[in-house]
Amino acid sequence: MGKLFIVTGDDEFAIKERSRALAVELAGGPVEDSPTVEVIAGDSDVMKPEEIAGRFLEALRTPPFLYDSKLVWLRHFLSFEPFALKDPAPVYAEVERFLSGGLPEEVTVLMDGFKLDLKKSFGKAVKEAAASIEVLNLPKSSDKRYAEE
């Protein structure tokens, strides 16, 4: 079964930095130079979130070309909230089904973005799919350790 990695939280800089480092690690070198990496820009100003999710789904379904494996990176998705709605748009529900159904062996997926609620349906589905999830949050002023940092 393929692997699923998710980097989320509310610390934008830390999420972007960690996801880039993880992408380089998973790709075995610079992401831009790798023909085995397909990057879906989750922060596109041109496409709506549903269109981005649709493009991501297409990338997930497309087998690697000329190589044994590939990395699909949903980079800097602005919000995972639409995935967790009680009645999500069909494309979000299909992405959830695809990820929770077990990834093909040759596909590794990296998703990074904001507002992934691990208590809602999508969060539960990716946890059950054995995703490696990293949550990077800014310290809260109400946190006792905040004053120490």
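## Met111 and its contacts

In this predicted model, Met111 touches Leu4, Phe5, Ile6, Val7, Phe56, Leu74, Phe80, Leu99 and Phe122, where residues up to four places away in sequence are left out of the count. One of these contacts, Ile6, is also the bridge partner of Met111, which lies in strand 4.

## The nonpolar cores

Met111 belongs to the largest nonpolar core, a set of 29 residues in which Leu4, Phe56, Leu99 and Met111 touch the most other members. At least two residues of this core come from each of strand 1, helix 2 (49–61), strand 3 (70–77), helix 3 (90–100), strand 4 and helix 4 (121–128), and helix 2 makes the greatest contribution, with six residues. In soluble globular proteins, nonpolar side chains tend to be buried together.

## Strand 1 and its pairing

Strand 1, which spans residues 3–9, has six of its seven residues buried, and it is therefore largely enclosed by the rest of the structure.

Two parallel pairings involve this strand: five bridges connect strand 1 with strand 4 (residues 107–113), and five bridges likewise link strand 1 to strand 5 (residues 132–136).

How values were computed:
Residues numbered from 1 in each chain as written. Predicted model: local features only at pLDDT ≥ 70, side-chain atom pairs only at ≥ 80, totals over all residues. Heavy atoms only, no water. Buried < 20%, exposed > 50% of the residue type's maximum accessible area, 1.4 Å probe, protein only. Helix = DSSP H or I, 4+ residues; strand = E, 2+ residues; numbered from the N terminus. Pairing = 2+ DSSP bridges. Core = buried A, V, L, I, M, F, W, Y, C linked by side-chain atoms within 4.5 Å. Contact = heavy atoms within 4.5 Å.
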